[in-house]
Amino acid sequence: PVKGFAEDVGSKTTIRIQNVDHLGFKEPQDQMLIFTMRNPKDVKKYVDYRKRYKNRPQFAFNPEFWCYVWDWVNHRKLKPSTGLAGVVLALRICSGGVDLYGFSHSAEEFHYFNHLPPKVTQKEVYEYHPLLEEAAIYRELDEIGMVKHIE
């Protein structure tokens, strides 16, 4: 608990990065929600959501942030994952270090919180995001002490 003790122990802000499939996902009110707009279709979805739910706090990455994230995977045709975007953001704003949990690479589990639908093949997983490159990035960041990567 930090309420009433922030002067002594600091404070905590949970930042939830949302991809196009999860914009507006019901999150606790104490979380900062950031939508990962990548293209004009995503911008439209975000604008429509903001018009509909004016009182719900919801932020969005500037699409130019993705240019910076793509630099991390050498501008491959595959789009970086939302997880990588969150790690890059954390490295830019967190001064106390970054611990990574749930970033172990698995072709069977695209996300730590759910399983792939049976119709999605392992080959398709690797055609969507540069997951092998991202896993190598996490290992390298751990090796040089920029993050603590817990698998």
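**Exercises on a predicted model**

Phe 65 lies in helix H3 (residues 63-71), where helices are DSSP runs of H or I with at least four residues, strands are runs of E with at least two, and both are numbered from the N terminus. This is a predicted model, in which local features need pLDDT of at least 70, side-chain atom pairs count only at pLDDT 80 or more, and totals for chains, interfaces and linings use all residues. Residues are numbered from 1 along each chain as its sequence is written, and side-chain values use heavy atoms, with hydrogens and water left out.

**Exercise 1.** Decide whether Phe 65 is buried or exposed, and find what it touches.

Phe 65 has a relative accessible area of 14%, and buried means under 20%, exposed over 50% and partly exposed in between (1.4 Å probe, protein chains only), so Phe 65 is buried. Next, with contact taken as heavy atoms within 4.5 Å, and not counting residues up to four places away in sequence, Phe 65 touches Ala 85, Val 88, Leu 89 and Arg 92. The C-alpha atoms of Phe 65 and Val 88 are 9.7 Å apart, although 23 residues separate them in sequence.

**Exercise 2.** Check the span of helix H4.

Helix H4 (residues 82-93) has 12 residues, and the expected span is 1.5 Å times one less than the number of residues. Buried residues in H4 include Ala 85, Val 88 and Leu 89.
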